[in-house]
Every structure is written in C-alpha cells, then in structure tokens.
Amino acid sequence: MRMEDSARTTLALRELLAWVQFNGGSAQLEFAHESCARKLVAKSTICGIVGGDTIFSIPTSCLLHPDSAKTDCVYGPAFTSLSAEPGVDDRIILTLFLALERERGVASKFAPYINALPAHVPVPLSWSDLELRHLEGTRLEHAVKQHRDALRQEIEVWTPLLLEHMRQNKSNSISAGAQALAERALNAEQISWARSCVWSRAFSLYLNQSKTIALVPLGDMLDHSPEARVEWLTDDAAGTAGTFSIRSHEAISAGGEVFNNYGQKGNDELLLGYAFVTEDNKADTFRCDLQGSSHSARECRTRNLLLGHYGVTLTHYLRVDDPLPESLLLAAKIFSSSPALVYRLCSEVPSGKTPEEALAIHMPLDDLCTSLRALRSLHLLITGELKRLNKSGTSVESGCIEDEQKGFAARMSSVYRKSQTRIANMTLTAISLRVKSLLSDLSASVERYSTSDSDELYWKERQAYISWVSERGIQNSAVEEVSIRNCFGFTDGLRVTSLIAEGSFIGRVPVDALLVASDVFRELCSKFGEDAEQAALAATLLQSTLVGREQDFAPFVNWIMCAPVTAAAFNSDVLTILQGTAVGQDALGLRAEYEKEFEIIKTAVCLRSDQTQLNLSSLYARVRTLVERYAIRLPQFEREHEIPLAGCLALAPFIGFFPKALEDIAANLVWTHIKMMIPPTCEGKWHLELKSLCEMDPGTLLIEPTDGVDEGTQLLEIGTESLCSLMRECGENNLPSTSMPLTAQKANCLKFTSCHSVVELLLEPADEDENLRRRKLALLRFMGVGDSHYLSMVPNPEILCVALLVCSAENEAEVETLRTAWLTAVETYPSFERQVEDTTEVLQANRTDLSSCGAVSSDDRNYPSAEGKKDSFVESEDMFKNSAQSHDASSGIHLCTFQLAAKTLQLNRGISKNIKKVARTMLRSMVQQLPIPSSNDADIEICIRLGTRLEREASLQRAVASLYAVRQREILEKNVEALVRRLASETMKKRKGRSILPS
C-alpha cells in the first residue's frame, strides 16, 4: 500500500470511530498503531465479567439494512416496489442501496462508514479468470460461477427494474438529479463492489422482532477467531432507541487484539464470503455428493427415494474429526444395493421401529458384499475428487503470478486446497481401515466351512503352472496363491502370509506373461459390439487350449481351464433343470449368445481331429465364462512412455486371481518398469503390479466375497463352489460334517435362505392394444411397482398382486380407476409420516425414464422397439400430468410407494380376491416347472467325491442346479401358502361382519 493511501485509510478509520461515538455509540476499541491500520485492539483491559463485558455498541439507526432503503426519503418507494418482485431478497436490496449511498458521497448519512470501507474486497467474486484457475477442481469453482451469475442478474435484471420503478413512481416523483445520480451509481463496477461488501460484512440479526441482515459500522472491522467468546445483542423494544452491541465473555488485556466470532465456518465459506482462510481449520469440511453413475436413471431415482425414506441424504460433509460418518456409509450401502435388496428395502417401516432400526432389519451387518461395494464406490469417488484437486492445483504455474493481488489468490487457494486434500486423505485412510476389518470378517467366514489343500485331480496342472510362474519371473510379496476347497469345488484367490503395509506391492507380472486377444480374433470379433473384447480373448484362450503344449502359455492355460464355471457353461442337461428359473433363463440366453459368437469365430480356430463341433461349442462357452470372471482391464498409462497392452483386456497369472470385488479398495493395478530383476530375462521390461491399498494381516484371504449375494447371482457371476459352500453353512455349528447328507442340513439354512434366496420375476402387460399396454407400464412405474419382483422365504406377495392387478385391467377405464385408487391411498393412508412436500417435483422425476419397458411375461425378457419406448414416454407424460392435476399437492406423495401400491389392492376389495387367485395359480404353475426334492442327496454327494474330473464336475453342476431349483420351489410354495392364508383371513373377517374399505 502506498504511503498516501495508508494515510488516507488511517484518517477515514479515525473519522469512522468519531462518527460512531458522535451518534451515541461506544467502543472500548482503538485501531492499532501498526502498518495494518484496520486491526482493532482493546483501549483498556476488558474483564469479561459474568454476563459479558460490552466492548462495542451502536444505535440501530446507524445500521444499513433493507428497511433503511425502503424508508429512504428519495428512493424508498422504488425499493419497496422492488422488494415485492419475486426473487428479490434482502441482500439484493442492501447491495443496490449501498451503491447509491456511495455515489451520494458526503451527502450520505453513512459517508464516514462508506469512506472507511476498503476500495477493493478480494473475495473470489472479484478475481480475474487467471486467478480463478487456482480454484479449478474444487467446489468453490462452481460456487464462484453461481455468484457471478447472481451478480450478472443484479446488473442486468434488478438494476433496470429498480430504475424503472423510480420512473414510474407517481406518488413520490424523483427529481431529474436524483434519477441521474441513481443511473451513475448503479453501474457494474459499483454493484460488484457493493455486493462484495454486503456478502463479506453483513451481520445476520433481529431488528423490530424480524430477522434481517445489516451492515454494522465499526463492528464489521473486527477480525474472525473461532475461539472468541462474544455475544451479539439487539435491544430495540418499542418506545426505546434501539441499540446493537457486542459483548465479550473473556478477558482481553489492554492493547490485545479484539476478535469477533463469525461462527463455525469452513475455509470454503470463509474464502468465498470473507476473503481469507485459516490454517488447520477445525470447522473445515469436504463435501461428498453420492452419485449413481453405475445405475440407470430409474434405478438412481428409486435409490434416491429410499434415502429419503430412511432419513439419509445424498450430500454429506466430511470433517477431520469424522472423516467417514456412519450416515455416509449407510447412504453408500443403499446406493450399492443389489436390485433384490432394494426390493426388500422398499417396504413399510414396521410399527414401533425407527427408520434406522427398520433398515438394520432389512440390511444385515454380515452383508459383506454390499459393504465392500459401498466402500469401493466411496473410494473411487474420493480418489476422483483428489485427482481433480491435485491436477488442477498444479495447472497454474507460480511464475505467471507477479503482482500482490494475484499472489494473494494463489496463497488463499493453496491453503484451501490443502485442507480439502487433508480431509480427503483421512477419509481414504478410514476406508482402508474398514476394508481391513471386512477382509478379516471375510477370512473368518470362509474358514468356517472351507479348507485349503491340494487335490490329486489338479496336482499335475498346478505343479506345471507353479514352475511356469517361476520361469516367467512372476513375483509375489508376502502372499501365496491358494485354492479354497470344500467337497463341492474350489475358488481361486490369494492368502497373505506376512504383514503387508499399505502401498506395498502384492505381486507383479512381466508384460510378456499377460495373455491378450490375438489380432486375428480382435478383428474377427469387432462386430460383437461391447462384447467384442471378451469374445476375442475367449477365442484366443480356446485356441491356446486346443494347441496345448505347443504354445508358451500352456501351463497357465491348462491351470485356468481347471477353474469352476458359472451357470452359462453348465451342461445342457443341467440347464434343463434350471430352465424354470430366472437364472436358467439368463444362462440359456447367454449360452445362445455364445453359440452365435462361436459360429463366426469357429472358422478361425484350429480344430483338432478329436474335437467335434458340439464339444467345441461347449468348450467355447466355458472359456467365455472364464474370461467373464478372470479377465482384468489393464490400466492406462499417462506418462510419456507407451505400453502397447495398456487399456486392453487380459488374463494375468497370479495377480489375475485377485477378486474383482476387492479392486480399488484392497489393491489396484499399476504399471512399473523394472531395471534389475531375477531372472535377467525380465530386466528392463514393463511389469503389471498389484499394489496394496490397505494394511493386511497374515492369514487374510483375498477371495470373491459371497456374504450378501443372492444364490442366482452366485451361479451367474461367481461360480458353483461358492454357492454350495454357502448353502451348506450351518446355523450353530459353522463347519458342517462332511458325512452329513444334504437333506439333514436344510433346516440349518433358514437364516441364510431368508436373506439371500429370492425368486426373480419379470411381470409386464402383454396386451395387443399398444396404447393400453403403455398406460399400464406408465402406471406401474408411477406407483413405484416396476416390472421386476423378488419373492423370498419371508413372504410378501402383495406387490406382485398389485402388478397383476394393473396387468389384468381390460381397458383404459379400469387403468384410470386403479390410478385414482392409488392416489386415494396416498391421501388416506395414515401410518406414513415422511412425505414429499412438492408433489410436482416427484412427478417430474418419474417422467424422465421409461426406457426399461419390457414385453410380456415373467421370464421372457424380449424388449420392444425403440419407437415403442418413445411413444410410451409421451403417453406416460399425459398420465403424469393428469395425476398431478387430480392430486392435491399439499397432501404429498410418500417416498416409499410399494406399500401404498399394496394399499390400492385393499381399496379394491371387489377384485382383490380374484387377483390373489390369479397370483396363486401363476405361482403354482411355476412350482410345477421346478424339480421335486430328491431323496438321493447322499448319493449325489458320493458322486461328487468320486470319479474322474469331468464326472465330478458334471455331478457338481447337477447337485448345485438341483439344490437351487429346490430352493426356488420352496420360496414359491411359501408365497402360495401366504396368499392362501391371507385370502382365508379376509373371508373370516367378512363372515364375522367386520368393516372393510369400500371398493
């Protein structure tokens, strides 16, 4: 600051202090005799007595607030008219009035105060585009853009409107001079300055028993300290001269700086509003907004409704003292839930239970898969935010910043960015600790029913594979590759042998030991769309299998071909057992796709003389499922070096058996260049490295988790061995006896069954009238029912009945009747308390996505044309508009609509009985398609233990398929029984003459 500017500022501050005292104010303050002339210190010792010691007071008549503008003798009527405009708030009024008062100069009542205000307020709003680059990648970047948009609105909208009100005011006409002064004052530069002053200095207080904002001369010169113990008081009782005062509740020695306390504000709020930040700010927060990028728009909407239903929000603020709040974990779990779990969560909160207690019932603590998915999503979210913070933080070179003000922007942004980075890193540390704990739980649960030993059937292949791994220079650190086995099969993974620190490498593979798709198959499979890479890699694996010992990857290929398969590669006779289930339909659909792929690639595969095309087709299905399970996406490489395989899909020995469910939370893949290595043939090569993201204790098993995964998903995505292990888990005696027949263990599986056994149904209208079908689909989604249903051992078939009720409507009039009944249920159902205040908002959300409309039946998953979907969307628009018109917005729509849909069924008693009969008949027909429980379970177990490898695998597949189909049958029978009981109960109530709801 130049000498003359400093002298001018000192004089203005002294005049301000004199002006406050002249108007009846008092202050135990004075400006420090330093170069920092705005620093206020105590003139004498402040005792901080009981009740507080007044350090400053000023008459309320000396405050600038919106009422000052509205009561101004010249511009008051115009400001009063402007304040009545929609969108105009107190800050806008005060900003424009301050700009006018500044232009008035010495004629203004507040001239001494305005002269003492800084000519430039260095808040980010006033920063140049170059300075704002320091905020790139932070949430302040977006906040500043919003402030700039608001400033532009004040300049381009509210200022012309205020001037127009001045010209149109006939009762109190403004002179030409006053009009000219207003037009000079209300320019972009003045309004920007006034807005910065208001946002950085205004107090929030009560005047005339109403909350408002005000500029407090001299009082707003006090700097902020979060430790200051001060109190603001307003005494403006009727008939008295109002006074605003600040009291201190702590002792301050003479000459000591006096602070105000703006409240617990983080650095983002301090920088945006007050143009400063503090080091190690305890109130600093890191905003975390959950996103559902992996879900469709409709799925995200359902999960958003669930969050509200259970009292959880999408936005969370992380702090140093709580970097991973339980509310964030809970919200992440809901967002990471499987469709079956979401269906279970979409139920009524039981009577007498809080939402938190109800959620604990529906989402058990031992659901490791959901917990790991939630932590993985949070880890990826926070890591992405950190990358943006770090990348943007280095994008502006310090050399391009020369003058003092630009240096200020860089310093403030640096402190803010560091505080955000600190909290984010603490959150990642907390996530790592949670992952470590869950991995311990996973290891304990696996060891309850599994062993890790060698199997003579795979001994030859394993020994050849181990030798090949050593020859290729594949390394590991404190881990070993294991096969977790039981009497049914095995799953591959890794076991930690000694303590692994966070950031240590777990294993590394030379780039030439990675199996990737050949160029021939990559080109041949390019027409397969999103499945092209997987098909090309599967064809390469098939080719390698047929060539046998003649190629370099033979030991690795032979070993991976020993791995158990998922349902899509089951033998044809086994798929016949499953064809009455949703899993069987999915598996048959995948098998058909694999056969189409094989028809194209078989001409390029070298056929051996002893292989028939039928055998090759089954073999291709096997390698295709193995690629689905074990293939990894090689990381991209961002440096100047180029790695040809970067970004490709590959099969990797050793580290390739690291489970996908643990990627990005327990470990991740990176490229590393090794200069010196044994064997020497690996020196100077790029290696794919598996790097630990958390500390791991000895004995930790890194395998695919299955706790919390329904049986169907296990069959389709994980494989037979994990399903059998879980299905055989005992309730009290965790390790089942190997001599115990399977039938004797069924009673011990009830707890597991209720949580993870579901029957999936896809139920949609099949009307030939396209318009009627679309209206039914729109109503199903509007009611929150949808087309997918998940029945479990805890029967709740009411929602299925509602879907049948809608699908069985014979004409559009019946559909309209059902829609009206549902809205009636919304308005009359008393047990729901949480409701959306704005119905229109919810209706608008439901309009956005009907792209998942399906076709006809429970298991036939054919989809209509794109044109049909577009028309359906237009049709549903009309329905939603009609619903919005017929429903009173004040009554609201409950976030969880499943139970309201069931209430619709109760409101239509006349037809509910018939619908339940239809549901019963449908479920019984599905039961008849499933096998009857067999009495020779013990014989099946013997077949699994004996025989050749192929015979044992075939027996394993049949046993698993039979058990799964029997479990599906049991679930369906349970729900049929529930429908019979409820129908009998309703009949009994009628006979007793009890009142029922009208139809």
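The model is predicted, so local features need pLDDT of at least 70 and side-chain atom pairs count only at pLDDT 80 or more, while totals for chains, interfaces and linings use all residues. Residues are numbered from 1 along each chain as its sequence is written, and side-chain values use heavy atoms, without hydrogens or water.

Here is the chain in brief.

| Property | Value |
|---|---|
| Secondary structure (DSSP runs: helices H or I, at least four residues; strands E, at least two) | 35 helices and 24 strands |
| Buried residues (under 20% relative accessible area, 1.4 Å probe, protein chains only) | 53% of the 999 residues |

Among contacts (heavy atoms within 4.5 Å) with a separation of 6 or more, 77% join residues 24 or more positions apart.

Now to the helix pair. The axes (lines fitted to C-alpha atoms over the stretch in contact, with angles from 0 to 180 degrees between N-to-C directions) of α3 (residues 76–83) and α7 (residues 139–168) come within 8 Å and cross at roughly 130 degrees. From α3, the residues A78, F79, S81 and L82 take part; α7 brings W158, L161, L162, H165 and M166.

Finally, helix α10 spans residues 267–274, and its buried residues are N267, D268, L270, L271 and G273. Just after α10, A275 has a positive phi of about 70 degrees.

How values were computed
Buried < 20%, exposed > 50% of the residue type's maximum accessible area, 1.4 Å probe, protein only.
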